[in-house]
Amino acid sequence: MVAVSFACGHGEQAGVPGVVSLRRPCPVCMLLHETQRSRSELLGRVAPPERRALAGETRVGARYTWRCARGHDRYTATVLDVLTGPSCAKCMANAAAPGAAREAGMAFMKPGLRVGTSMTEQRLRMLLGERIRLHHRVNAVRIRRMFYGKQEVWPDILVPQLRVAVEYDDPGRSRRAHLGLKEASDLEKDDALREVGWEVIRIRAGGLESFGPYSVVCRTLTVEAVDEVVRLMAEIRGQAAVDALRVDAASAS
Ligand SMILES: [Zn+2]
Ligand SMILES: [Zn+2]
């Protein structure tokens, strides 16, 4: 493994022979910045014996023991999980409980919700998962308005770290619904997500036209289309935020 020093001062000591100096902050500092949190806030949540190690941590995939802010049992999770979503098992269960007060914009796990039923959707999830780290424990987002009788929406794929949802649309998928009605409902769904700080990228396959500000129009789902989705994520939230989720970055940590 290459010894690296980062612009934030974390990592190896700069200037030492054999140490590569990078001009960017370490992945943990970048993620803290992206999620608008501070390192001291993070240090306040870790188990005290691990505080010293976390103070100099550069890897978002490093696992630590955390104290739940709501007083549940300690739990282990990666820095990435702690910064980007509910990570305490009890908190997650509470968030999924019916009637629980949930914050608008929060991604959560809706138990029993079908995930990736179509082959194409599974392929999309797989191809995206080869590029960025996907959160497999969330499938719904709390919104401020009612949408089909619920205060939540269930996009195809959620990237809570970026607050970006990815939807796959093709004519076959909405065959049973009137196309106009489907589009009206998609428009409303996208608006509801934007209201709570999310953005939506839509893959429009099989001859569907561009829809919304971030569309990837393609004949079928291809590797290029998925690369374009990742490129749009960087356009929406910045390259650093996407780089922090890169699978190669996560596996190197
Ligand atoms: Zn750093
Ligand atoms: Zn908890």
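In β6, which residue is the bridge partner of A107? The legends below, all of which describe a predicted model, begin with an overview and then answer this question in the second view.

**View 1. Overview of the predicted protein chain.** The model shown here is predicted. Its protein chain contains 10 helices and 11 strands. Of the 253 residues in the chain, 30% count as buried. Among the contacts with a separation of 6 or more, 50% come from residues 24 or more positions apart.

**View 2. The open sheet formed by β5, β6 and β7.** Three strands make up this open sheet, in the order β5-β6-β7, and their pairing is antiparallel. The edges are taken by β5 (107-108) and β7 (150-153); each has a single partner strand, so one side of each is left without a neighbour in the sheet. Strands of a sheet pair through backbone hydrogen bonds, in either a parallel or an antiparallel manner. Here, β5 is joined to β6 (residues 140-147) by 2 bridges, with the two strands running antiparallel. The bridge partner of A107 in β6 is V141, which answers the opening question. V141 also has a bridge partner in β7, namely V153.

**View 3. The hairpin of β6 and β7.** The antiparallel pairing of β6 with β7 extends over 3 bridges. These two strands form a hairpin, with 2 residues between them. Within the turn, Y148 has a positive phi of about 50°. Most residues other than glycine have a negative phi.

**View 4. The pairing of β8 with β9 and the loop between them.** Strands β8 and β9 pair in the antiparallel sense over 3 bridges. V159 stands opposite V164 in β9. The loop between β8 and β9 includes R163. Is R163 buried or exposed? With 21 other C-beta atoms within 10 Å, R163 is buried. R163 also has a positive phi of about 50°, although it is not a glycine.

**View 5. Helix α8 and its buried side.** Helix α8 comprises 15 residues (residues 223-237), which at 1.5 Å a residue should span 21 Å; its end C-alpha atoms are 21 Å apart, in agreement with that expectation. The buried residues of α8 are V226, V229, L232 and M233. They cover an arc of only 110° around the axis and therefore lie on the same side of α8. An α-helix has 3.6 residues a turn, so residues three or four places apart point the same way. On the other side of α8, V223 and E224 are exposed. The buried residues of α8 pack against several elements: α6 (119-129), β9 (164-169), β10 (199-204), β11 (215-217) and α9 (239-243). Just after α8 comes G238, which takes a positive phi of about 100°.

**View 6. Helix α1 within its surroundings.** Helix α1 (residues 27-34) has 8 residues, of which 6 are buried, so the helix is largely enclosed by the rest of the structure. The buried residues are P27, V28, C29, M30, L31 and L32. After α1 comes Q36, with a positive phi near 55°.

**View 7. T76 and its contacts.** T76 is placed in strand β4 (residues 75-78). T76 counts as partly exposed because it has 13 C-beta neighbours inside 10 Å. When residues up to four places away in sequence are not counted, T76 touches R63, Y64 and T65. V46 is 30 residues from T76 along the chain, and the C-alpha atoms of these two residues are separated by 9.4 Å.

How values were computed: Residues numbered from 1 in each chain as written. Chains lettered and ligands numbered in written order. Predicted model: local features only at pLDDT ≥ 70, side-chain atom pairs only at ≥ 80, totals over all residues. Helix = DSSP H or I, 4+ residues; strand = E, 2+ residues; numbered from the N terminus. Expected span 1.5 Å × (residues − 1). Buried ≥ 20, exposed ≤ 12 C-beta atoms within 10 Å, placed from the backbone. Arc of directions from axis to C-beta. Contact = placed C-beta atoms within 7 Å. Pairing = 2+ DSSP bridges.
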